[in-house]
Amino acid sequence: MHTDVVLLAALLGLLGASCAHKPSRGQKLQPQRHVRSKRELSLAEGFSNDRFGSTIVKRSPDVTKVWGRKSEQLLRIDDHDFTMRPGFGGPAVPVGVDVQVESLDAISEVDMDFTMTLYLRHYWKDERLSFKSNTNQSMTFDGRLVKKIWVPDMFFVHSKKSFTHDTTKDNVMLRVYPDGKVLYSLRVTVTAMCSMDLSRFPLDTQTCSLEIESYAYTDDDLMLYWKEGNRSLNTDERISLSQFLIQEFHTTTKLAFYSSTGMLKSCIMLSIRTSLHLCSASSPGWYNRLYINFTLRRHIFFFLLQTYFPATLMVMLSWVSFWIDRRAVPARVPLGITTVLTMSTIITGVNASMPRVSYIKAVDIYLWVSFVFVFLSVIEYAAVNYLSTLQERKERKLREKLPCTCGMAHPGLMSASYSEEDVNTTGNYGMPEENGVRRERILAELVMENDQVTGHVGSRAYSNVWIDTHAIDKYSRVIFPGSYILFNIIYWTIYS
């Protein structure tokens with residue numbers, strides 16, 4: 001009897017539950033959804049894994065990768081004063097630096113500068129930025145977070161202009177590790193000064209430096225160093241320049257000393273950023289300075305084609321006048337003037353692309369010596385023409401003093417005929433050429449009043465006088481080329 005009562009109560013309960021879930025009139029039937037809790041799902045997954053023998057273990061989520069949590073809250077930026085350097089009041093914070101040189105864009109001798117594009121990376125540790133991470137993974141941010149934390153205040157010494165690339169966004173990257181280590185990287189293009197010694201131009205080798213230094217912090221507050229020594233500087237193998245051959249890159253580290261003016265700069269910056277006056281303007285300061293040194297050797301082939309070969313050809317062209325007849329004035333004078341003007345044009349063109357330095361360059365020596373050779377060839381013809389004129393005047397005077405020889409025979413005296421045409425033109429007596437040099441003979445009558453020798457008063461004696469009027473041209477054909485060749489040997493021995 002008791003058993004029947006229990007079964008009846010259970011049946012009534014089931015009927016009540018079915019009535020409760022029965023839809024009202026006019027209401028559309030909806031499929032029943034079986035909602036399972038997370039606990040039931042985890043149990044079901046565990047049961048399924050155990051059933052099929054799987055060894056998958058579910059990983060706990062990393063808080064650094066969870067959406068919805070702000071980086072400022074994770075790094076607790078609002079809990080610290082990032083206008084102060086890490087470990088303020090303690091030892092200097094070490095900041096490691098490495099550089100990846102992307103390109104050398106331009107080297108200018110006129111402006112004495114160079115342009116370089118590089119990736120500049122800083123490494124330091126700031127415990128204020130440490131956070132908890134189950135997987136020890138870092139967090140990477142763009143340039144917006146850089147303005148909210150402390151970063152080293154690096155600048156390029158002797159730079160004329162520089163900028164950080166901003167296409168398509170600011171080329172700045174900040175990476176923070178759980179233990180507080182920070183990597184700060186940016187892409188920069190710098191135009192910096194390079195003091196060049198052009199005394200050996202264009203056979204010169206130049207050494208330029210890009211200097212990196214902290215603007216506000218002395219070595220007591222910030223210790224700047226190359227992270228991995230000379231291996232901290234990496235270059236792209238495709239870097240090349242049109243006028244220079246890059247021989248080597250290397251790094252150095254030095255301490256730069258600033259007097260009271262330099263220290264005042266640091267104190268002012270520190271006072272503005274911290275509102276604290278902790279240093280004296282009269283005390284000196286030492287700053288860590290990093291150097292990126294690179295050596296450039298100039299390519300000479302361009303200047304050989306554009307400067308040295310044309311100058312040499314002009315000098316050789318001026319020697320042609322030594323083989324032209326001295327009476328051909330319209331041929332020799334324009335040739336000399338043309339070579340002089342061409343050398344002046346070459347010198348002007350070279351100096352137009354060079355800075356106005358106060359010392360003599362190697363190319364100036366070569367061009368001006370070549371100019372002197374060309375100018376001397378013009379002076380040589382002026383000397384030949386002048387001496388030839390003097391000689392013709394002397395010949396004319398001697399011919400005027402010569403008595404008439406009509407019907408007179410002087411055996412052995414005249415070996416060639418003498419005509420009026422020779423007198424008016426060249427004064428030659430038809431003498432042949434000897435060794436390629438034409439010799440002119442002047443017949444001079446020497447009247448000697450020497451009674452003691454001949455015993456006859458008024459006796460006349462005749463003598464042949466040989467004068468070489470082509471001597472200057474003959475010697476110039478040898479002296480000019482020989483001197484210029486000797487100059488080239490000495491020049492290229494010294495400067496090559």
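Begin by selecting Leu183, which is buried at a relative accessible area of 9% (buried means under 20%, exposed over 50% and partly exposed in between, with a 1.4 Å probe and protein chains only). The model is predicted, so that local features need pLDDT of at least 70 and side-chain atom pairs count only at pLDDT 80 or more, while totals for chains, interfaces and linings use all residues. Residues are numbered from 1 along each chain as its sequence is written, and side-chain values use heavy atoms, with hydrogens and water left out.

Leu183 belongs to strand E7, residues 181-193 (strands, E, of at least two residues and helices, H or I, of at least four are DSSP runs numbered from the N terminus). Display its contacts next (heavy atoms within 4.5 Å): beyond the neighbours within four places in sequence, Leu183 touches Arg121, His122, Tyr123, Met173, Leu174 and Arg175. Then select Trp124: its C-alpha atom is 7.0 Å from that of Leu183, although 59 residues separate the two along the chain.

Move on to Asp204, in the loop between E7 and E8. Asp204 is buried, with 3% relative accessibility. Apart from neighbours within four places in sequence, its contacts are Asp197, Leu198, Leu296, Arg297 and Arg298.

Now select strand E12, residues 285-298. Of its 14 residues, 12 are buried, so the strand is largely enclosed by the rest of the structure. Two pairings can be followed here (strands pair if DSSP finds at least two bridges between them):

- Strand E8, residues 205-214, runs antiparallel to E12 and is joined to it by 9 bridges; Cys208 stands opposite Phe294 of E12.
- Strand E11, residues 244-258, pairs with E12 in the antiparallel sense over 14 bridges; Leu245 faces Arg297 of E12.

Next, colour the residues that an unreviewed UniProt entry records as "transmembrane region": 300-323, 335-353, 365-387 and 478-495. Such annotations may be inferred rather than shown by experiment. In residues 300-323, the end C-alpha atoms lie 34 Å apart, and the span is 75% helix and 0% strand. For residues 365-387, the corresponding separation is 32 Å, with 100% helix and 0% strand.

Finish at Leu341 in helix H6, residues 329-352. Is Leu341 buried or exposed? Leu341 is exposed, at a relative accessible area of 52%.
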